Amino acid sequence: MSKIDFTVNGTRHVVEADDDTPLLWLIRDNLGLTGTKFGCGVGVCGACTVLENGKAVRACQVPASEVSSRSFVTIEGLSSDGSHPCQRAWLQEEVVQCGYCQAGMIMTACGLLQQYPNPSDELIDNVMSDSVCRCGTYPRMRKAIRRAADEMRTKKQ
Amino acid sequence: MITSRRAFLKTAALSGASLVIGFDGGRLLQAIDASVAGSFQPNGWVCINSDGTIILTIGKCEMGQGVRTSLAMILAEELEAEWTRIKLLQAKPSADSDLGTGGSDSMASSWKPLRQAGAAAREMLITAAATRWKVDRGSCKAVDGAIEHSASGRRLDYGSLVADAAKVQLPENPPLKNATDFKIIGHRTARIDGPDIVSGKARYGVDVKVPGMLYASLERPPFLGAKVKNLREDNARAVGGVKSVIKLPRGIVVVANSTWSAIKGRTALAVEWSEPPKDAFDSDAHWKKLQTASRETGFVTREEKPPSGTGAITKTIDATYYYPFYAHAPVETMNCVADVRGNRCTIWAPTQAPERLQKQVAQLLGIAPRRQSSDPTSLVAR
Ligand code: FES
Ligand code: FES
């Protein structure tokens, strides 16, 4: 057991955990933030994706021993009122079905847009198909990402 | 929070502050006063409260098919209510109810009862308003959660009418709206649970936490009938946080005080399973069998003539569809939370068949499934 000192959604936390505990379980079990989901635990489904400095990170692949002094954002911290351009675009394009994968998908999309503010459909498909949506919402996600991208770019200008 | 059906109905009926209409198959039922509450046990019901909130309690599980949205839409249409004001509650399973969700049947089986219940409530609210205003009920109209009397410009919200409406005789065959008058059904609406999903607030079975709960991870055999050849039980027990290792007829469970310890303990088991028998199911062989069978002479199961007026065939599509033998694997891993205290057990599980689950658990624990204040199971299903 070690003391892990890290920041989630702007709040600093100190928790006790085994060094090999994945960040995912620190977030879900220790902090009780259940918006971030568990799908595979081996880095292939993307359900656990969170952001670090705007980049998408799979929380099941980050051991507690590497977490201290880092800062993450989960779906709960993306905005206080669901007003992030991706969240709004997701609703406007009616993306969700069961919704289980969607927190991870939205975080993945945020990571993509931070790196490529104007992604091509091909790039969107490449990045998003790396995460698993069992309901098959990929075409609507593509539309939502384009919509969010447009909005984020107009805001910047 | 409503804890039991009977307690809820009693409160609803005694306070006289709600209009409650239940539906059981094709039957409409009304809770008039406390004396009938005991016999009033519908599978689903609509409750309109004095504050104008509308609660629809129904045993259909949301699993991405959008049923919470579509059922609210049906009710709102006949009730002439704003559909976003309708709150859906999951009906609890009971010994004699069937709350299964499957076979694409939710809309088909809820369509008529929900429309009837909504229409009945609407007609009763109209009668209550007309009586209060001493006008002909034919001159009153239900519009957006209120009854209006356009001749005099008067308007009363449903909430202010429910106490009176609850005393009105339940109409046996309330008039249903014409499809051409539909304002909600057939029109684009947003998912009622969309905002919760995109903000991480939607709660799934796997998100349920009970204070002090233990976590279990289950190692399943790779095929039916597989036997354990080798197992490092001690290694699993040595993992920090692991409480016990339990062998089941089909699998081995590691119980621990955190999810991660349970997962680590299960990995530490390093189970070696027996080899599958020579004649075990094999996907490739199965596919070949289907291919061979498809070339044999078959029989016609259904034949339909094209509707009259259909033109000549201009294009023929010839295609083969192969539906593989797939696991029904959702991204949410199989999970369930059980809280057993004395002779009471509460289960939270993302399941399509809560009453079957209830019966099996009750049998396992030797407790009777009951429908009243001690409903042994409730579910969180999405
Ligand atoms: S749970 Fe992390 S990638 Fe699947
Ligand atoms: S919305 Fe159901 S898995 Fe993606």
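In strand 5 of chain A, A:Ser71 is the bridge partner of A:Thr7, and that pair is a handy place to start looking around this predicted model.

- Strand 1 of chain A, residues 2-8, pairs with strand 5 of chain A in the parallel sense, and two bridges link them.
- Strand 1 of chain A also pairs with strand 2 of chain A, this time running antiparallel, with seven bridges joining the two.
- As background, strands of a sheet pair through backbone hydrogen bonds, in either a parallel or an antiparallel way.
- The turn is worth a look too: strands 1 and 2 of chain A make a hairpin with two residues between the strands, and there A:Asn9 takes a positive phi near 50°.

**Chain A as a whole**

- Chain A contains five helices and five strands, and from the N terminus its elements follow the order β-β-α-β-β-β-α-α-α-α.
- With a radius of gyration of 15 Å, close to the 15 Å from the globule rule for 157 residues, chain A is as compact as a globular protein of that length.
- Its C-alpha trace spans about 45 × 35 × 25 Å along the principal axes.
- Of the 157 residues in chain A, 50% are buried.
- When contacts between residues at least 6 apart in sequence are considered, 56% of those in chain A join residues at least 24 apart.
- Chain A exposes about 6,900 Å², and carbon and sulfur atoms supply 47% of that area.
- On the charge side, chain A carries 17 positive and 18 negative side chains, and the centres of these two sets lie 6 Å apart.

**Chain B as a whole**

- Chain B has ten helices and 15 strands.
- Buried residues account for 45% of its 382 residues.
- Among chain B contacts between residues at least 6 apart in sequence, 67% join residues at least 24 apart.
- The accessible surface of chain B is about 22,000 Å², with 53% of it belonging to carbon and sulfur atoms.

- Strand 14 of chain B (residues 337-341) pairs with strand 15 of chain B in the antiparallel sense, over five bridges.
- Within this pairing, B:Val340 stands opposite B:Cys345 of strand 15.
- Two residues lie between the strands of this hairpin, and B:Gly342 takes a positive phi near 60°.
- Strand 15 of chain B (residues 344-348) is mostly covered, with four of its five residues buried.

**B:Gly298, a loop residue**

- Look for B:Gly298 in the loop between helix 9 (283-295) and strand 14 of chain B.
- B:Gly298 has a relative accessibility of 62%, so it counts as exposed.
- B:Gly298 and B:Leu365 are 67 residues apart along the chain, and 49 Å separates their C-alpha atoms.

Methods
Residues are numbered from 1 along each chain as its sequence is written. Chains are lettered from A and ligands numbered from 1 in the order in which they are written. This is a predicted model: local features need pLDDT of at least 70, side-chain atom pairs count only at pLDDT 80 or more; totals for chains, interfaces and linings use all residues. Side-chain values use heavy atoms; hydrogens and water are left out. The radius of gyration is taken over C-alpha atoms; the globule rule is 2.2 Å times the number of residues to the power 0.38. Buried means under 20% relative accessible area, exposed over 50%, partly exposed in between (1.4 Å probe, protein chains only). Contact means heavy atoms within 4.5 Å. Accessible areas come from the Shrake-Rupley method with a 1.4 Å probe; for residues, only the protein chains shown count as cover. Lys and Arg count as positive and Asp and Glu as negative; His and the chain ends are not counted. The place of a charge is taken as NZ of Lys, CZ of Arg, CG of Asp or CD of Glu. Two strands pair if DSSP finds at least two bridges between them.
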